[in-house]
Amino acid sequence: MIGTRLFPGGSGPWLIAALFFGLTLIGLIVPMIVGVLWSLVNPRAGWFPPNLVPPSLSLDNWRAMFSVPEMGEAAVASFTIAPLVTALCAALALPTGFALGRRAVPFRRAIEFLVLAPIIMPGIVIATGLGSMFIRFGLAHTVLGVILVQTVVVLPFMIRIVTATFEAVPQDLIDAARNLGAGPLSLAWRVLIPLVVPGLFAGGVFTFIGSMEEFVLTFIVGSPHVRTLPVLLFAYLGGRSQIFTYAAVVTIVLLVPTIALLFTAERALKQEYLAAGLGKM
Amino acid sequence: MGEVLPGPVPAVERSRLAARRRRDRWVDLLLLLPGVGFLALFLVVPLAQVFLRSVGLALIGEAGHFTWDHYRQFWVEAQYRDGFFFSLWLGVASTVISLATALTFSALMQVRFPGRLVVSVLYKVPLVVPSLVAAFLILSLVAPGGILARLVAHWGWEWPRLVYDRWGWGIIFVLVWHNVPFMMVIISAVMAGIAQDINDAARNLGASPWEVFRFVTVPLSMPGVSAAALLVFIQVFGAFAVPSLMESAYPLALPVIMQTEMMDRANWALASALGSVLTIASAIVLFAYYRLVQGRESPAR
């Protein structure tokens, strides 16, 4: 289109390919390799300048995953909380998404704005309100409190995607099912829910990844008792002494499932779902 | 409604209709309750509390009384004011740089080039990378003593100071890395929808490729572009994690100051006032955006 005529010699596409692959190499592949190397550094030898590669490698930092209690606990916390948040979001979003997608509900604009609010509001502000509220209710520093605050920020994605999916269900199918004698329950169970499963799946991927990565609210409401992987990563990167080796291990434990999920769900994360979740304001 | 109907509606019929409408309202309410109720309880209530507390009301264990002191403190004390402007700077700089990059890359992604499919999957990876991980990856690359510093040291060059600096270039770098793919997803979708005829017409009328990009592609992508830019700005303006890890000792970003006030000093009132300032500033930007878009969207589409 534009670029084919930018370079009339026909080398244009190759230049663009070189640009993008070069950027991917520097911006994505090299940092990932450096991250993996950091996780394999031998703690007795270290990895100091000017060495470009660690002088000796070991699995000691990976063993720390099991021997250092805080790391194991954070991994368990993250992988327990994320599915629970996802399930809670699905349960909350299904009826609400149906109402927004298929019924003429009152105060639609106000409700849509409410659902958009957690996406555009700074997390730290929501954390300020919830933090003090949860201290009063005794929910601060508890797993339940963390599940609730994470749900606040990821639920909107689920509601928006489920709503968009319900909107796309053809009315003919519903009418046909009704004509054939389906009651409201069997209509929901046999027709509507199977039709929104793809949207539910896309929303589930969003909420699972969102929950795994959520930091600010978890940090302010959960710490020091409930620590997820991002909270631990923050501790290893900030503070007086950075522990790059442990940070690298936590990074990989956090990244591998989310990137694997991205690749397996590439089809589910079609443009339209991304647009429903993020784009249209 | 009654006047429009041709004849008088039988009373029985009317009451049945009303009953049905009432039942529908109850069904609506019941269906909306889980999602909307949850957000009302865990979003609206705490936010209302933030605003009340910022003016001295609804304090834990103390009798509250109305005061503007916390806002005065924000404006009088340099550290808070500077924090506000530092966050504003991070937001503006990251948005402008991300936007220029994402526009260029999205336009280039419309070209068929070898390996396009691979790139179109790979560029989405940062979407699922948490910003803390992005900070770690970039730190290990560009920090003093990072891989690039070691690499150029081999040739006897000195690596420029990119993190922990006054202007937060390291922070901006991480945020741009994180946000460009997000913008590209939205902008590419809009650009793919622009009819090829329009580009061809512009070219036939003698426009150079740059002019096509500047005067056709960019204006027609405006709806997607402005939404993406707005989201990125507000997110960066309120960002806590990356600035907290990569900023210099002064100035601190406003969200970092808020976190210190909350967790180290338990000064929830001041944190609430700072949070309100952050929210109001974001709301002003949001409002300006809607005014701008309303005037622009109809001719563009």
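Of the 166 residues in the largest nonpolar core, A:Leu233, A:Val250, B:Ala135 and B:Leu274 touch the most other members. Such a core is a set of buried Ala, Val, Leu, Ile, Met, Phe, Trp, Tyr and Cys residues joined through C-beta atoms within 7 Å. A residue counts as buried if 20 or more other C-beta atoms lie within 10 Å of its own, as exposed if 12 or fewer do, and as partly exposed in between, with C-beta atoms placed from the backbone. The top contributor to this core is helix H8 (residues 169-192) of chain B, with 16 residues. Domain 1 (10-67) and domain 2 (79-300) of chain B each supply at least three residues.

The model is predicted: local features need pLDDT of at least 70 and side-chain atom pairs pLDDT 80 or more, while totals for chains, interfaces and linings use all residues. Residues are numbered from 1 along each chain as its sequence is written, and chains are lettered from A and ligands numbered from 1 in the order in which they are written.

Contact here requires C-beta atoms, placed from the backbone, within 7 Å.

The two chains meet through 80 residues of chain B and 81 residues of chain A. On the chain B side, helix H1 (residues 11-54) provides the largest share, 15 residues. That side comprises 57 nonpolar, 18 polar and five charged residues. In this classification Ala, Val, Leu, Ile, Met, Phe, Trp, Tyr, Cys and Pro are nonpolar, Asp, Glu, Lys and Arg are charged, and the others, Gly among them, are polar.

Chain B is divided into domain 1 (10-67) and domain 2 (79-300). These bounds come from an automatic or database domain assignment. The C-alpha centres of the two domains of chain B lie 36 Å apart. Six residues of domain 1 of chain B contact six residues of domain 2 of chain B. On the domain 1 side, the residues are three nonpolar, two polar and one charged.

An unreviewed UniProt entry lists residues 84-289 of chain B as "domain: ABC transmembrane type-1". The positions follow the numbering used here, feature names are shortened, and annotations may be inferred rather than shown by experiment. This span is 76% helix and 0% strand, and its end C-alpha atoms lie 20 Å apart. Helices (H or I, at least four residues) and strands (E, at least two) are DSSP runs, numbered from the N terminus. The unreviewed UniProt entry also gives "transmembrane region" for residues 29-52, 84-109, 121-147, 167-194, 215-242 and 268-292 of chain B. Residues 84-109 of chain B are 100% helix, with end C-alpha atoms 37 Å apart. For residues 215-242 of chain B, the helix content is 89% and the end C-alpha atoms lie 36 Å apart.

Chain A contains 13 helices and zero strands. Its C-alpha atoms fill a box of roughly 75 × 70 × 30 Å along the principal axes. Of its 281 residues, 43% are buried. Among contacts in chain A between residues at least 6 apart in sequence, 73% join residues at least 24 apart.

A:Pro170 sits in the loop between helix H7 (143-168) and helix H8 (171-179) of chain A. A:Pro170 is classed as exposed because 9 other C-beta atoms lie within 10 Å. The C-alpha atoms of A:Pro170 and A:Leu195, 25 residues apart along the chain, are separated by 9.9 Å.
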